[in-house]
Amino acid sequence: MRSPGSVVAVIPARAGSKGIPGKNLRAVAGRSLVRRAVEAARRATSIDAVVVSTDGDAIAAEALDAGARVVRRPADLAGDDASSESAVLHTLDALAAAGEAPEIVVFLQATSPFTDPTDLDAAVARVRDGHADSVFAAAPSHAFLWRIDDDGSASAVNHDAAVRPRRQDRAPEFRETGAFYAFRSAAFRQHRHRFHGRVELVVVDGRGAIDIDDPADLALADALAPQLDQHEHQDRPQHAQHPQDQHQHPQPQHQPHPRAASLLPVPAPNGAP
């Protein structure tokens with residue numbers, strides 16, 4: 001990994017999962033969730049290295065085969081109560097012990113199988129250019145949300161229940177997808193949380209904004225994969241190595257995603273340049 005100024009993608013992928021046993025190794029259209037996350041990160045032109053944090057031997061083997069490096073996570077950071085932040089911090093400590101100090105971290109979750117590399121590049125650009133301190137993936141939402149109160153009654157959350165405005169008359173809202181977050185490693189170490197400073201979002205395609213939590217999510221992702229994976233099957237990058245990594249694990253040769261040529265820079269939805 002190049003340093004300073006480098007960008008590292010960190011993918012926490014623990015072995016334990018209650019909703020779907022072995023979830024991170026479950027396949028969507030023939031590719032495991034952890035492989036999909038690694039390959040999305042490797043296709044991003046701005047990411048210099050991909051690291052998977054795991055406590056599982058099978059996940060480690062899959063990550064290495066997909067072209068990532070692996071940091072073995074201790075058991076106390078791999079339980080149900082361990083936070084994703086703790087896994088990212090542990091990975092940064094492991095990199096620091098190896099003399100590597102990435103400037104920017106892209107935290108990806110393998111449970112989002114359709115992450116677009118161009119969206120990762122957009123998030124990195126906003127952090128690198130100083131427009132934002134933390135950038136995350138979000139999909140447009142027009143849902144009227146409700147909560148159940150202690151007495152069992154329902155109350156409106158993001159709207160006035162007595163007023164039903166037309167969709168076009170409502171202020172736009174966005175749902176955090178959980179697919180990725182980008183931030184500077186120094187600020188993340190300071191705040192120890194993914195959201196800090198000026199927070200912005202990258203609007204992602206709502207069709208693929210699936211977070212795999214249960215078997216129904218997995219089945220839906222598998223059904224959508226033939227459509228959403230169509231770009232993935234074009235011009236997959238060849239593995240390449242940075243000189244200093246020749247005795248480690250292969251790193252990606254950066255190539256633009258097939259959609260990149262058709263995308264034009266647009267302002268962030270919250271009005272930043």
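The legends below describe close-up views of one predicted model.

In this predicted model, local features need pLDDT of at least 70 and side-chain atom pairs count only at pLDDT 80 or more, whereas totals for chains, interfaces and linings use all residues. Residues are numbered from 1 along each chain as its sequence is written, and side-chain values use heavy atoms, with hydrogens and water left out.

**View 1. The whole chain.** The chain holds 6 helices and 13 strands; these are DSSP runs numbered from the N terminus, with helices being H or I of at least four residues and strands E of at least two. Of its 273 residues, 45% count as buried, where buried means under 20% relative accessible area, exposed over 50%, and partly exposed in between (1.4 Å probe, protein chains only). The accessible surface comes to about 13,300 Å², and 52% of that belongs to carbon and sulfur atoms. These areas come from the Shrake-Rupley method with a 1.4 Å probe, and for residues only the protein chains shown count as cover. Among contacts (heavy atoms within 4.5 Å) between residues at least 6 apart in sequence, 73% join residues at least 24 apart.

**View 2. The seven-stranded sheet.** The order in this open sheet of 7 strands is β5-β4-β1-β6-β10-β7-β11, and the pairing is mixed. Its edge strands, β5 (69–72) and β11 (199–203), each pair on one side only. From one strand to the next, the twist averages 30°. Two strands pair if DSSP finds at least two bridges between them. Strands β6 (residues 104–108) and β10 (residues 173–184) are antiparallel and share 5 bridges. L108 has F180 of β10 as its bridge partner.

**View 3. Helix α1 against the sheet.** Helix α1 (residues 33–43) packs on the sheet and touches β1 (7–12), β4 (49–54) and β6. The direction of α1 makes about 155° with that of β4; axes are lines fitted to C-alpha atoms, for helices over the stretch in contact, and angles run from 0 to 180 degrees between N-to-C directions. Because 11 of its 11 residues are buried, α1 is largely enclosed by the rest of the structure.

View 4. Helix α4 (residues 117–128) lies across β1, β6, β7 (134–141), β10 and β11. It runs at about 60° to β10.

**View 5. The R69–E100 salt bridge.** The side chains of R69 and E100 form a salt bridge of 2.8 Å, N to O; the term means a side-chain nitrogen of Lys or Arg within 4 Å of a carboxyl oxygen of Asp or Glu. R69 lies in strand β5 and E100 in the loop between α3 (84–97) and β6, so the pair ties together parts that are 31 residues apart in sequence. R69 counts as buried at 10% relative accessibility, and E100 counts as buried at 8%.

**View 6. Other salt bridges.** A search of the whole structure finds 16 salt bridges. In one of them, R166 meets D169 at 2.8 Å, N to O, and D169 is partly exposed at 48% relative accessibility. E200 and R198 also meet at 2.8 Å, N to O. E200 is buried, with a relative accessible area of 1%, whereas R198 is partly exposed, with 38%. Salt bridges that share partners join R31, R35, R36, E39, E62, D65 and D229 into one network.
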